[in-house]
Every structure is written in C-alpha cells, then in structure tokens.
Amino acid sequence: MKRYILFFVLGCMVLSSSCESWLEENQFDKINSSTLYESEEGLEIGLNGLYSLARRFFRFRDSDVRGSYWFYCATDLALVRTWNEAEMYRSNMRANAMPAEVWSRPYQMIDRASAIIEAAPEIDMQDETRERITSEARVIRAWSYLRLFMTYDNILLDSIPTTPDNVFDERVYKPAERREVLNFINRDLDYAIKYLPYKVNPGIISQGLARQLRAETAMWEEDYATAAAHADAIIASGQYGLVGISEVFGNDINHKESLMAWQFNELAGGEDPGLAGGDGHVLGACFQARFYELSIIGDPVAPILEEASYGGNAYGWTYPNDYLRSLYDEENDRRMQFFFYPDTLYGNNPASEYYEKKLPGDPPYSTQLREYTWSLMKYRDMDKPPKRALSYKPFMAYRLAETYILGAEAHWRSGNTVKALEYLNEVRRRAGLEDVTTIDLQTIMDEHARELCFEGKRWFFLKRIGKLVEQVNKYHRFGSTINSIEGTTMKDYMVRWPIPQAQIDAMGTFPQNDGY
C-alpha cells in the first residue's frame, strides 16, 4: 500500500488565512478537500496549511517537545536535567521509543507540497502567482527532505502526492541514494531562488531563506564554492544586516537580521494549532531554571516571582553547560549579557525583604538544577503573562549571523582565508570582541557555539564536520543536582536516528538504520 508513512493529509490543510499574510483570517466557503488543488484560491489555502504544518514542527509542545527539541539538547553545549536524557544516547534511544513525528511530519509536509507543485501548472492564474506559490512549496519540501536526510541519512524519496486513486497502490520501499536526495533538494531550491523575492512579510519564505538552505545543502555535498556563493549573495543583497546584540533576541525579532521567523498569534490562533497563528510554543520555558522556586532562610516568601523578567513559568529541562561557558570571554563578550540570564539574582517580590536587592550569598543559590542553573535567555518573552510557559513571540528559525558563519567556513574550505576572516569577524565585532587573524576548524566551531548555541543547528553542524561523537562524549552532561552531573557515551551509529519501528514494519522492505 502507498503512504503508510502518512497518517493525516487533507484534514490539516483547510485553514483560514490569506496569501498576503497567513496570520490574517478570511472566510472561504467555496473550498473543500475535493477542490483544494483545483483553483488559485484553493492553492493559497493549501499553501497556508503547509505553512501551518511547518510552524507546528517548532511548537515544542506535547510530542513536538520530544522531537525537534531533542536536537537543541543533545549537543556538546548542553546540561540536560529531566527525562530528556533517557533518549539522548541512553536507554530510550530505540526505534520504538524515539519521537515518530520527526519522520512522519516532514513527510506530511512533502506530500502536501508535492500536491501543490503538481497542481499549479494546470490552474488558470497569473504566472507570477503560480511561480510564488510553487516556489514557497518547493522550499518547504526541500527543507523537509534536508531535515530527514540530516537526521536519518537513509530516507524515502517520493514526489508523487497522495490521492484517493493511489493511496492503496502497492510499492516497494527502499532508501534513495544520497546523490539523488541532494540533487532533488537542489532542484527545488534553485527553482525557488529564481522566482522568490528577498523582501517579504515576516513569516513568509524568501529568496534569502532559499539561498541559505541551498548553501547548507552544498556544505553537505562538500561543494564549498557553491555554498560560499549563496552566502555571498544573501549578504550582498542589502536586504539583511546584523542588528545590535541587544536586539537579536529582543521582543521584536522581525528585524533585519531575520531570514525566517515563524509567526504565532494568540488572538488569531488561540489554543487551536490548526488556526492561523497556531497555539504558541514553550521554547523559552525549556531552557531556564525555575528561579521562583528559590527560598531564603528567614524570608517567609519567595524572593522571586514567576514573572516575565525572569522568564515566567519555566520547565528547566536543559541548560548551557560549563564547556560552553568556557568558550566566552566573559569580561568582553556582550553575548554573555544578552543571550543568558545573569548569575547574580535580585528579588522582584515586593513582599520579600530582598525586593530589588541581591539575593544573599553567592551563586549557585541552590544545589537543585531545576531551581538555579545558568540559563539561556534567547527565547525570553517579556510580553507573556506571569505564571505561563506558553509564548506567542515569533520564533527565529534562520538569521544572518548563521549565514556569516556558514560563509566563513565555506570560504575557508575553498582557500579564501581573507573572506573567511572577514565574515567571522563581522559576528565577533558585533559581540564587542577583537578580530581574529587566523582561522581553522576549531575557530569556526567555537564561534558557532558562542553565537548559535541552542538555536537547533549545532547537532547537524557537528555531524556534518565529523565531530559530533567526539564533542558529545567530551562535553554533553546530564544530572538533577550540582553533585550528580555526569557525562554520557554516544556510540558512532547514533549520528543517525532510528527510523520509527512502526514505519519499518508498515513499509516492509525498508531497512532499519544500523545499530538499532
């Protein structure tokens, strides 16, 4: 049978949103699943549904937390506190235990993107509209395949959309060749680059994002000249620029540095992820300690309230570790101030005797990691209500600093040390640091860690350069108290995830990845 890997298709596609901004709700009463791909209006709705599927990959809620969030935590920069560690190179990293949506959701996106791409040439509309819709769908399909490839290595390549006519077709499932997968991704992105503009509304796919993904794919191909050329084009476009370090993760991240930020809207989306805006995300809560659980002997109330300035409601699952901290020049690197909460805490509870005063003693204020640990501040939302983990702040997916670092590596590997240093030093200067005058792989790795820590890119970067196992075994940590922190053991085969066992069983002829 066809499409065992897809569990739902059309039901998630009918959204209320417009082509100009998928956060603006409009009523469509003439479109249903049977006519979705038969008109311009239907294609717009289908495209908006595709955006919704992509955005939901980054909600970090429910099963999503255990899926895409894993890649934020399983790197050399992390100290993991709770049940997460069981799936990170330990007992639960099994084919029947790992989050299945990491495999299934990209394939859902691929299937619906392919339906749009296949239908568009047959529909009467302006060529410009057709090219835009097709290009945006192609970028989402390319991203989905790239994500699957980077995670599993061995994947199914299929561009035929599911229909009532073919859903039960018999077929033989087998992994696609690496070259075939990368060529497919490149064709989609090259098409999109040809037709997409750089300037778009927040949350909409642009030429900048298409080129960023094309550069990333080229790095996996070791085609460093192509990767460098696409990074150069993004930087030279004039559409993007590095903003002040205090603005990068400020409350308005729809700024000039953003190549792509997923948009969430509480009023439009509410608690229903199927509506425009989705139901928010909890990324900020995942990376910060529950400072509001601290207690001081002699003070009858908690000195810190559960409010936005200290992150609001927190889960305290993953923290930056000592290795990451050792990479910073703590005296001069301004990222220490704007990417992380300060070590020293001040009371914000008016009922506490430590209100607006430094808490007594020196950090750490507790041996319990959930109560006090050096914490990430990148995803803090100053607008969310007290005692709520859920945030509707836009989520940064790609930004220009990543382009500079990728471009630096690509130029360095191509032999253009001057350009490589120029790009790397742009990022360093913004952080208040002096220029480096030499560059090697370690220099790139260290700057990548300092600038892009916990943005979901580190695991894939280390895998690509062949350093993942070495770095994780040296530096990844887990524990519940400051006295129980341990290292971990990552085995070589764990550089690729196991394919969900239910999918292996259903497909029948598709092999499981080695080691599982």
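Mentor: The discussion below goes from the overall fold to the cores and then to individual residues. This is a predicted model, in which local features need pLDDT of at least 70 and side-chain atom pairs count only at pLDDT 80 or more, while totals for chains, interfaces and linings use all residues. Residues are numbered from 1 along each chain as its sequence is written, and side-chain values use heavy atoms, with hydrogens and water left out.

Trainee: How many helices and strands are there in the protein chain?

Mentor: Helices (H or I, at least four residues) and strands (E, at least two) are DSSP runs, numbered from the N terminus. Here the protein chain has 17 helices and 5 strands.

Trainee: What does the radius of gyration of the protein chain agree with?

Mentor: The radius is taken over C-alpha atoms, and the globule rule is 2.2 Å times the number of residues to the power 0.38. For 516 residues, a compact globule would have a value near 24 Å, and the 23 Å of the protein chain agrees with this. The C-alpha trace spans about 75 × 55 × 45 Å along its principal axes.

Trainee: How many of the residues count as buried, as a percentage?

Mentor: Buried means under 20% relative accessible area, exposed over 50%, and partly exposed in between (1.4 Å probe, protein chains only). Of the 516 residues, 62% are buried. As for contacts (heavy atoms within 4.5 Å), 73% of those between residues at least 6 apart in sequence join residues at least 24 apart.

Trainee: Which residues have the most contacts inside the largest nonpolar core?

Mentor: A nonpolar core is a set of buried Ala, Val, Leu, Ile, Met, Phe, Trp, Tyr and Cys residues joined through side-chain atoms within 4.5 Å. The largest one has 141 residues, and Trp 70, Tyr 72 and Tyr 89 have the most contacts inside it. Helix 4 (residues 127-152) gives the most to this core, namely 12 residues. Apart from it lies another core of 16 residues, including Phe 291 and Tyr 372.

Trainee: Where is the place of Tyr 89, and what is its phi?

Mentor: Tyr 89 is in the loop between strand 1 (78-80) and helix 3 (101-119). Its phi is positive, about 70 degrees, although Tyr 89 is not a glycine. Tyr 89 is buried, with a relative accessible area of 4%. Beyond its neighbours within four places in sequence, its contacts include Trp 70, Trp 459, Met 490 and Met 494.

Trainee: Lys 387 and Lys 378 interest me next; which of them is buried and which exposed?

Mentor: The loop between helix 11 and strand 4 holds Lys 387 and also Lys 378. Lys 387 counts as exposed at 63% relative accessibility, whereas Lys 378 is buried at 1%. Lys 387 has a positive phi near 65 degrees. Lys 378 touches, among others beyond four places in sequence, Arg 399, Glu 451 and Glu 455.

Trainee: Which peptide bond is cis?

Mentor: The bond from Pro 363 to Pro 364 is cis, with omega near 5 degrees. Pro 364 lies in the loop between helix 11 (335-338) and strand 4 (395-399).

Trainee: How far apart are Thr 509 and Val 172 in sequence and in space?

Mentor: They are 337 residues apart in sequence and 6.4 Å apart in space, C-alpha to C-alpha. Thr 509 lies in the segment after helix 17 (501-507) and is partly exposed, with a relative accessible area of 43%. Leaving aside neighbours within four places in sequence, Thr 509 is in contact with Val 172 and Tyr 173.
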